[in-house]
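Reader: I am new to reading protein models, and I would like to go through this one step by step. Could you show it to me first?

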Amino acid sequence: MKKTRVIIIGSGPAGMAAALYTARAQLKPIVIVGNQLGGQAAITHEIENYPGFPGGIGGPELIERMKEHAESFGAEFVFDSVTSVDFTRGTPFTVKTMYEEYLADAVIVTIGADPRKLKVPGENEGIGKGVSYCGTCDGFFFRGKEIVVVGGGDSAIEEALFLTRFATSVTVIHRRDTLRAGVQLQKRAFENPKMAFIWDTVVDEITLDENGVVNGVKLTNLKTNEQWHHPTQGVFIFIGHDPNSKIFGEQLAMNDKGYVIIDERHRTSVEGVFAAGEIHDEIWRQVATSVGQGTSAAMSAIHWLDEHSDKLQPLEEAQASGD
Ligand code: NAP
């Protein structure tokens, strides 16, 4: 068992900012990276709206710089995933990962959100064989192919535009007749000759050929009830995200969608546990907002640890006793 002052669960922009601030406060934070270092930002091809980078910066490069920055002040990144936590007995909190067990005086939860699934037949079976949730990761494999994008928000349109670099055509299938995406993105999408739109329509099934490879989608027009098969070689799904809050069970207060509830100081319902980024934020979801939230959560955790310093066991003592 390892004892630490602060554990940060997750390594997206919120976790990176929390790591930087707690490291700079000499707290030697341990960051449990999770499945993907940098989270969703790391698989974003180009980030054009993070202040300080006119012309944009690649997601992987930004994440690498953030990691290096936090490490330079003493943050430790552990390539492991949290499997369970015990927040029920108060501080120190138990955090179990696949390979280790930690005791942490404070925890900052920045575990983010995962792409939402359509939950239609063929979707799970087609993952890696034509179904994807990440244009940046998989776009290259669809060079010269005809693909569809499901969704009408910023993510769907941004990714659809990116995918036009590879695919010969990108057809957006949206359940309404107006996009949710911002005006600028809409303008670029409507002007792009490779893009097409199927309105008021939902995907009922993703069809696969005899080798299990995607060959089309079964669609229903919600206004006319017309049903048809649309041939396609790729189905990119961008219909929102679900927070990764299952591992907390009922230990943290959450809203009905599973987002962790925090107060204005990023405190969760458990004293000593803080949260930042997309695990609690279902509205803004920007790299810049997550960085800000991670900073606030870290500052709150630093204050909390200071206030409780007389009650916390010195780290060296705890480590020596194996508590
Ligand atoms: P979103 O804004 O929630 O959009 C989800 C889209 O998927 C909506 O068009 C929704 O349709 C559709 N949808 C949801 N469930 C569906 C289902 N079961 N079947 C079919 N369609 C479904 O999600 P997002 O695009 O991931 O964006 C999330 C947040 O991140 C937003 O605040 C967005 O502004 C932000 N973001 C910003 C940028 C940027 O600034 N460059 C880039 C990406 C994301 P309806 O419209 O009918 O609800």
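Reader: Is R165 buried or exposed?
Author: This is a predicted model, and in it R165 has a relative accessibility of 54%.

Reader: Where is R165 placed, and which residues does R165 touch?
Author: The place of R165 is in the loop that lies between helix α6 and strand β10. Leaving aside residues up to four places away in sequence, the residues that R165 touches are H45 and K194.

Reader: Why is strand β10 described as largely enclosed?
Author: Strand β10 covers residues 169-173, and a residue is called buried when its relative accessible area is under 20%. S169, T171 and I173 point one way from β10, while V170 and V172 point the other way, and all are buried. In a regular strand the side chains alternate between the two faces of the sheet. Strand β10 is therefore largely enclosed by the rest of the structure, the count of buried residues being 5 of the 5.

Reader: Which residue of β10 is the bridge partner of E146?
Author: Strand β9, residues 146-150, pairs with β10 in the parallel sense over 5 bridges. Within that pairing, the residue of β10 that partners E146 is S169.

Reader: How many bridges join β10 to β11, and through which helix does the chain cross between them?
Author: Strands β10 and β11 run parallel, and the bridges that join them number 4.

Notes: Residues are numbered from 1 along each chain as its sequence is written. This is a predicted model: local features need pLDDT of at least 70, side-chain atom pairs count only at pLDDT 80 or more; totals for chains, interfaces and linings use all residues. Side-chain values use heavy atoms; hydrogens and water are left out. Buried means under 20% relative accessible area, exposed over 50%, partly exposed in between (1.4 Å probe, protein chains only). Helices (H or I, at least four residues) and strands (E, at least two) are DSSP runs, numbered from the N terminus. Two strands pair if DSSP finds at least two bridges between them. Contact means heavy atoms within 4.5 Å.
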